Amino acid sequence: LSDKVRKDLAEFKIDGNCYKLDEYFAYVIGEEYTPNKVINEIVFINWFNKAYSETEIKKNKGQKKKKIAPLSDKPDLARLLYTYYRGVFKGSKKLYDTNEACLQYQTFMSEMSKEDYLSEEEKSAIYNICLEFNDYANASGLLSDNDYALKVIRQVNYGIKRTDCIIIDEVQDLTEIELIATILTLKKDSQKIYFYGDPHQSINPNVFKTNTINLVFTELKKQAVEESEHLKTTYRTNKHLISYLNDLLKNRDKWIGLFGGGLQHIDEPAQVDNDTSWAGYVTNKDLYAKIFESNPNSMIITPGEVERQQLLKKYPNVEPARAITIYDAKGMEWETIIMYNMFTSYENYFLDMISESDKAKRSTIHRMTFNKYYVGCTRSTKSFVIIEENDKLLQNHNPIFDTLLSSFAPIYR
């Protein structure tokens, strides 16, 4: 994606640079950027799976079992933990004007007060496991994107590289502390900072909401310039895809209780394609390998790296470059998308949302789960296919099928 942006800048003869955010922060403070020392979701998940394996729990004389017990019924626990590690524990705006590298316990609990999906005991358990991982990261010389942001903030009065104009794409995937650090790299006499994004496409682990940018400006005692424009017309051409996405937007407000900000409705372009063969689901597992391998121009999207590795192991003839995570798919598009194991991985969260359960409202993890599916759908310009290893999800009377997939065409052969 960075290479594509650089080409676009060159085409329009714009003198500018394009960075990943943590890479930009390293440049700003004059520090060498070492990608293999950066914490990401996979680093966290691998640590968690090892640290809380059955072997380690048995070794630990019950201490780890007691620590994790309040969270034992939570699906996809490692991702849930990483969401709050990155978004709150290390990413809260409350770290600004402190010398701390992570939140203290009481501040963390206060920042988590609106996460109604979690009990106080569960929030406390999350904090303690985040603290444990933080100790491991420090001992291993690992840095998070938030650590780079904090370095910028704490070096800002001692000299950093500054810039005239900043354009931030996918702003909804930044943490509060990253937003603060980015704003501080703007030259003092410049107000040229532009944010592009959709809060309802937030999928990277954080707690971004529609008012996050204004809250960050308030923290900096700065006034945000209230100039915004809503982009509502899509250049995707399939009429039925656009209709389906608008239905998803309606469900979003019922399921996860969001209000204000973000896209509410997608307008059709002047010309649309009325082709009805726009989406399908595969009912025969024997076809999975054939479909993966016989559609070389399609892209396979997985919910995360864990599922991607499972896919490549199970279907070794799939070209690795054709299988990417939902995170890597952001900002990209293809005519055909094959979405793999989205509902198998997040079944419980989708069931919570579809039932309009209160626990799905004001819950970051449910919001991000919905957003992942929405983002996956919007990577397609014309059509997409659903493949689930848990094929019971694709049967009539299953709530997920009835609500989200019943309008899709079954693929038998």
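Contact here means heavy atoms within 4.5 Å. The model is predicted, so local features need pLDDT of at least 70 and side-chain atom pairs count only at pLDDT 80 or more, while totals for chains, interfaces and linings use all residues. Residues are numbered from 1 along each chain as its sequence is written, and side-chain values use heavy atoms, with hydrogens and water left out.

**Exercise 1. Find which residues E170 is in contact with, leaving aside neighbours within four places in sequence.**

Step 1: Go to the loop between β1 (165-168) and α10 (176-184), where E170 lies. Helices (H or I, at least four residues) and strands (E, at least two) are DSSP runs, numbered from the N terminus.

Step 2: With those neighbours set aside, E170 is in contact with Y196, K330 and G331.

Step 3: Now look at the side chain, where E170 makes a polar contact with the side chain of Q172 at 2.7 Å. A polar contact is a pair of N or O atoms within 3.5 Å; within protein, one must be able to donate a hydrogen and the other to accept it, and residues adjacent in sequence count only if both atoms are side-chain atoms.

**Exercise 2. Work out how helix α6 (residues 77-89) and helix α18 (residues 364-378) cross.**

Step 1: Their axes come within 10 Å and cross at roughly 105°. Axes are lines fitted to C-alpha atoms, for helices over the stretch in contact, and angles run from 0 to 180 degrees between N-to-C directions.

Step 2: The angle therefore makes α6 roughly perpendicular to α18, a label given to angles of 65 to 115 degrees.

Step 3: On the α6 side, R79, L80, T83 and Y84 make the contact, meeting T364, I365, M368 and K372 of α18.

Step 4: Sorted by class, these are four nonpolar, two polar and two charged residues. Ala, Val, Leu, Ile, Met, Phe, Trp, Tyr, Cys and Pro count as nonpolar, Asp, Glu, Lys and Arg as charged, and the others, Gly among them, as polar.

**Exercise 3. Describe the packing of α6 with helix α8 (residues 120-139).**

Step 1: The axes lie 10 Å apart, at an angle of about 80°, so α6 is roughly perpendicular to α8.

Step 2: Among the residues in contact are L80, Y84 and F89 of α6 and I126, C130 and F133 of α8.

Step 3: The contact divides into 11 nonpolar, one polar and no charged residues.

Methods:
Parallel < 35°, antiparallel > 145°, perpendicular 65-115°, else oblique.
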